[in-house]
Amino acid sequence: MTTRDRLMATATKTLARCLLPLAHLNAPGHARHVACQWALGVRYPAEDLRGLTPAAHAAFTTARTEAFWRDGQLIGLTSGHRDAAVQHRMYVADLQRSGLPRVLHPAESPHVRGVAMDVRPREGARWLEENGERYNLYRTYDNEWWHFEYRLRRPERLPYPGAVRAYK
Ligand SMILES: [Zn+2]
């Protein structure tokens, strides 16, 4: 963690505390949840939680509220829902670059279904890997520390997207 990250984390926590009274007026009983989302939205202005399914959205925001207030860990969303056209562009670009399908086709992508979340920073991903099960959030690939999915049961972790299990 860099000094800048540490300063930003401290500022974000201070901001969240300052926002608590306003959050309480907006959502009595859920002030900590709401203030946390507001403050993280300021820290990670490019994040966009729209398009996640209601269950995935609730799981993600509740998990990061706990990470934030209990453990002081910030978790931002780098990429959540993607529309099929965006995913298809990524799929084609990667295939042309690498010759191997490492990005899932839109028909298979949990990002297109609104149940996948790429998170940051690395420490936040580590927190989610250790604590996500309570919220049905699971890391699903060995090669993507940032990628989590909302699943009703713990999935088998695969080496990379699109990997086929060797035997079953
Ligand atoms: Zn992902």
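This is a predicted model: local features need pLDDT of at least 70, side-chain atom pairs count only at pLDDT 80 or more; totals for chains, interfaces and linings use all residues.

Modeller: Residues are numbered from 1 along each chain as its sequence is written, and side-chain values use heavy atoms, with hydrogens and water left out.

Colleague: What makes His111, Asp118 and His147 donors of the zinc ion?

Modeller: Donors are N, O and S atoms within 2.8 Å of the metal (3.2 Å for Na, K and Ca), and water is not among the atoms, so sites may look incomplete. His111 through NE2, Asp118 through OD and His147 through ND1 lie 2.0 to 2.1 Å from the zinc ion, so they meet that definition. Along the chain these donors follow the spacing H-x6-D-x28-H.

Colleague: Why is His111 called buried?

Modeller: Buried means under 20% relative accessible area, exposed over 50%, and partly exposed in between (1.4 Å probe, protein chains only). The relative accessible area of His111 is 4%, so His111 is buried; Asp118, at 8%, counts as buried too.

Colleague: How do you know that Ser79 is in contact with His111 and Asp118?

Modeller: Contact means heavy atoms within 4.5 Å, and, leaving aside its neighbours within four places in sequence, Ser79 is in contact with His111, Ala116, Met117 and Asp118. Ser79 is itself buried, at 17% relative accessibility, and its place is in strand S1, residues 76–79. Helices (H or I, at least four residues) and strands (E, at least two) are DSSP runs, numbered from the N terminus.

Colleague: What makes the pairing of the Glu149 and Thr140 side chains a polar contact?

Modeller: A polar contact is a pair of N or O atoms within 3.5 Å; within protein, one must be able to donate a hydrogen and the other to accept it, and residues adjacent in sequence count only if both atoms are side-chain atoms. The contact joining the side chains of Glu149 and Thr140 is 3.1 Å, so its distance falls within the limit. A polar contact of 2.9 Å also joins the side chains of Glu149 and Arg151. Glu149 is found in strand S4, residues 147–150, and is buried, with a relative accessible area of 2%.

Colleague: How do you know that Asp94 forms a salt bridge with Arg97?

Modeller: A salt bridge is a side-chain nitrogen of Lys or Arg within 4 Å of a carboxyl oxygen of Asp or Glu. The closest N and O atoms of Asp94 and Arg97 are 3.3 Å apart, so the pair qualifies. Both residues lie in helix H4 (residues 84–98), three residues apart, about one turn of the helix. Asp94 counts as buried at 3% relative accessibility, whereas Arg97, at 63%, counts as exposed. Arg102 also forms a salt bridge with Asp94, with the closest N and O atoms 2.8 Å apart, and Arg102 counts as partly exposed at 41%.

Colleague: What do Arg139 and Glu129 tie together?

Modeller: Their side chains meet in a salt bridge of 3.1 Å, N to O. Arg139 lies in strand S3 and Glu129 in helix H6, so the pair ties together parts that are ten residues apart in sequence. Arg139 is buried, with a relative accessible area of 14%, while Glu129 is partly exposed, with 35%.
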